[in-house]
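Subject: Structure handover

Hello,

Here is the structure I said I would pass on. My notes on it follow below.

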Amino acid sequence: MLTNNPATFKDLPTSPAILEQGRVSVFIDAAHVFYAASTLGIEIDYSKLISQLVPNGQLLRAYFYTGVDPNNIKQQGFLLWMKRHGYRVITKEISTKENSDASQRSIDFCVEIATDMITQSAFCDTVVLVSGDGRFTRLLNHFAHSSTRTELVSLQSITSERLLSETDSATDFASFKDAIAKRHANYKRARFSAA
């Protein structure tokens with residue numbers, strides 16, 4: 001959908017005039033989300049995240065793209081939870097031989113995200129891209145000349161200005177970080193005195 005959108009973030013989830021999203025598909029670049037969560041100092045509740053991304057529409061699909069370490073049992077459990085809770089998880093194995101420093105390993109999902117987004121756009125009114133990567137600029141430009149609305153959700157500090165100029169609307173992760181953070185229960189042990 002072609003709009004005169006300035007390259008700024010808008011806080012859609014708390015806006016009084018939330019647009020009808022219609023049928024929605026969500027595309028999450030996990031590396032971007034993990035970085036945003038780390039920067040904001042939160043652990044994300046992915047059920048709450050979907051509620052924030054699709055506050056006023058019908059979710060058709062939610063894709064989650066991530067690199068995996070086949071030896072990481074905790075990660076395997078997390079991805080199984082994601083699958084059981086409706087996410088379509090797309091993975092690529094992280095090669096530990098190429099780079100032993102885990103913080104420097106990155107997996108490129110540009111082709112997969114672009115292909116899935118274009119395919120899904122035939123069935124939905126809105127596509128939500130969760131990434132700030134400027135390499136998606138041409139992809140969002142493609143939708144500017146279609147009836148599919150685009151929404152960008154990203155951490156403002158690492159979002160490409162070119163990407164912002166191509167989306168219909170943008171939301172900064174920081175604007176709803178409390179709404180998507182996991183709540184950890186703090187249980188205090190009761191002291192029992194023996195009589």
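To start with the sheet: strands S1 and S2 are paired in parallel, with 8 bridges between them. Helices (H or I, at least four residues) and strands (E, at least two) are DSSP runs, numbered from the N terminus, and two strands pair if DSSP finds at least two bridges between them. Within this pair, Val 24 is opposite Leu 59 of S2.

Before the rest, some notes on the source. This is a predicted model, in which local features need pLDDT of at least 70 and side-chain atom pairs count only at pLDDT 80 or more, while totals for chains, interfaces and linings use all residues. Residues are numbered from 1 along each chain as its sequence is written, and side-chain values use heavy atoms, with hydrogens and water left out.

Overall, the protein chain has 7 helices and 6 strands. Their order from the N terminus is β-α-α-β-α-β-α-β-α-β-α-β-α. Of its 195 residues, 42% are buried; buried means under 20% relative accessible area, exposed over 50% and partly exposed in between, with a 1.4 Å probe and protein chains only. Counting contacts (heavy atoms within 4.5 Å) between residues at least 6 apart in sequence, 70% join residues at least 24 apart.

The sheet

The 6 strands make an open, parallel sheet in the order S3-S2-S1-S4-S5-S6. S3 and S6 (169-172) are at the edges with a single partner strand each, so one side of each has no neighbour in the sheet. From one strand to the next the twist averages 15°. Axes are lines fitted to C-alpha atoms, for helices over the stretch in contact, and angles run from 0 to 180 degrees between N-to-C directions.

H2 packs on the sheet and touches S1, S2, S3, S4 and S5 (149-154), its direction making about 130° with that of S1. H3 lies across S2 and S3 and runs at about 165° to S2.

S4 is joined to S1 by 5 bridges, the two running parallel, and Ser 25 has Val 127 of S4 as its bridge partner. S4 also pairs with S5 in the parallel sense, again over 5 bridges; here Val 128 has Glu 151 of S5 as its partner. S4 is largely enclosed by the rest of the structure, because 5 of its 5 residues are buried. Thr 126, Val 128 and Val 130 point one way from the strand, Val 127 and Leu 129 the other way. In a regular strand the side chains alternate between the two faces of the sheet.

The cores

A nonpolar core is a set of buried Ala, Val, Leu, Ile, Met, Phe, Trp, Tyr and Cys residues joined through side-chain atoms within 4.5 Å. The largest one has 30 residues, and those with the most contacts inside it are Val 26, Ile 28, Leu 49, Leu 53, Tyr 87, Val 130 and Phe 173. Two or more residues each come from S1 (22-29), H1 (30-40), H2 (46-53), S2 (57-68), H3 (73-84), S3 (87-93) and S4 (126-130). H1 gives the most, with 5 residues. Apart from this core lies another, of 19 residues, including Ala 114, Leu 129, Leu 139 and Leu 140.

Leaving out residues up to four places away in sequence, Phe 173 touches His 32, Val 33, Ala 36, Leu 40, Leu 49, Val 130, Val 153, Ser 154, Leu 155 and Ile 180.

The axes of H4 (110-120) and H5 (137-144) come within 10 Å and cross at roughly 10°. The two helices are therefore roughly parallel; angles under 35 degrees count as roughly parallel, over 145 as roughly antiparallel, 65 to 115 as roughly perpendicular and the rest as oblique. Ala 114, Met 117 and Ile 118 of H4 meet Leu 139, His 142 and Phe 143 of H5. By type, the residues of this contact are 5 nonpolar, 1 polar and no charged. Ala, Val, Leu, Ile, Met, Phe, Trp, Tyr, Cys and Pro count as nonpolar, Asp, Glu, Lys and Arg as charged, and the others, Gly among them, as polar.

The buried residues of H4 are packed against S1, S2, S3, S4 and H5; Cys 110, Ile 113, Ala 114, Asp 116, Met 117 and Gln 120 are buried in this helix.

Ser 121 is in the loop between H4 and S4 and, at 15% relative accessibility, counts as buried. Ser 121 touches Phe 143 and Thr 148, again leaving out residues up to four places away in sequence. The C-alpha atoms of Ser 121 and Ser 147 are 9.2 Å apart, with the two residues 26 apart along the chain.

Regards
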